[in-house]
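Thanks for coming. I will talk through one structure today, starting with a term and then moving on to domains and a ligand.

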Amino acid sequence: AIPLVVAISTAISAQKGLLIRNRTAFEEARKITAMVFDKTGTLTEGEFGVNRIRVLVPDMDEATFLSAVAALEQPSQHPIAQGIVREAKKRDLDLPAISDFQSITGKGVSATVSGRRVLVVSPGYLKENGIEQPEDAFGSGAETVVFVLFDDQMAGYVALADKIREDSKEAVQRLQQSGIKVYMATGDNQKVADAVAKELGLDGVFAEVLPDQKVTIVKDLQAQSGPTGRQFVAMTGDGVNDAPALAQANVGIAVGSGTDVAAETADIILVNSRPTDITNLVEFGRATYQKMI
Ligand code: ADP
Ligand code: MG
């Protein structure tokens, strides 16, 4: 006979946009007391549009600058990279050939472009390497800014913006109504993180975090006491950089539109990339459990 919970979980998951990879995950979902969401591609759509480009190399025009940056970003799966490549295509730019492409997970990318070592990196990378940020990088709005280095020298930046997913707010509110603390951990800058946290009414936010720090955030929460003993922590993410934290969490949840690495590591996959599908699962799990006891 098929155990009741398995039968129920299969039925609900098919209907609710969930793919359950680990049979115990359905039962575990009702025990969640803390949820950590990744930002980009998870609470937000991960569809970046380019707002501003600033070239700091004397005598270099914006088209040449953007071509180099887009050429470097082309092999990257990151939503920022895809936004930059789309912008270059929109402008009909020819992209130069690149070599020695390397991805610096959660920090950026690098390659040799037209004889120069080019890096596109996060504010956190600049901080780590003692490179000064251009003064006007952060305008009044909450933008995601990536910095461009040519042979280790500041060459300019690209400012982009993303949109919060339509049902993120509802998902957060309903999780909180279920007594779950909702946090966000992002590699993006503090200003963007704070704007999203405020919009969604989050209980806490961790910004400019490196991939291994996401694991630490999950571990630290697991060590805290919650309503029923230690916090029972779920992590939801989409990126390669989220995979270690998904593995560390009591319940790992991957966004369907995300990377294969995240999906392979997770217990649950959100097939339609909708955060409210998690909320449904938690609420359903709790209701079902109450009926069974
Ligand atoms: P999040 O945690 O919000 O999903 P990530 O950890 O994936 O963000 O990325 C963290 C930061 O690293 C980004 O905000 C960006 O500054 C930088 N970054 C990562 N990959 C790239 C890339 N391909 N191009 C430019 N910047 C990148
Ligand atoms: Mg992400």
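Before anything else, a word on naming: helices here are DSSP runs of H or I with at least four residues, and strands are runs of E with at least two, numbered from the N terminus. Please keep in mind that this is a predicted model.

With that naming, H3 provides the largest share of the shell around ligand 1, at 3 residues. The shell has 22 residues in total, and the closest are Thr40, His78, Ser122, Thr186 and Gly187. Elements giving two or more residues to this shell are H3, helix H5 (79-90), strand S5 (108-113) and strand S7 (144-150). By type, the shell around ligand 1 divides into 5 nonpolar, 12 polar and 5 charged residues.

Now, where does ligand 1 lie relative to domain 1 and domain 2? Both domains give residues to the shell, so ligand 1 lies between them.

On to the domains. The assignment gives domain 1 as 4-45 + 164-292 and domain 2 as 49-161. Their C-alpha centres are 30 Å apart. In the contact, domain 1 takes part with 14 residues and domain 2 with 13. On the domain 1 side, helix H3 (39-43) and helix H8 (190-200) each supply at least two residues, and H8 gives the most, with 3. That side of domain 1 comprises 5 nonpolar, 6 polar and 3 charged residues.

Last, helix H4, residues 62-73. Its 12 residues, at 1.5 Å a residue, should span 16 Å, and the end C-alpha atoms are 16 Å apart, which agrees. Buried residues of H4 include Phe65, Leu66, Val69 and Glu73.

Definitions and conventions
Residues numbered from 1 in each chain as written. Chains lettered and ligands numbered in written order. Predicted model: local features only at pLDDT ≥ 70, side-chain atom pairs only at ≥ 80, totals over all residues. Domains from an automatic or database assignment. Contact = placed C-beta atoms within 7 Å. Nonpolar A, V, L, I, M, F, W, Y, C, P; charged D, E, K, R; others polar. Expected span 1.5 Å × (residues − 1). Buried ≥ 20, exposed ≤ 12 C-beta atoms within 10 Å, placed from the backbone. Near = placed C-beta within 6 Å.
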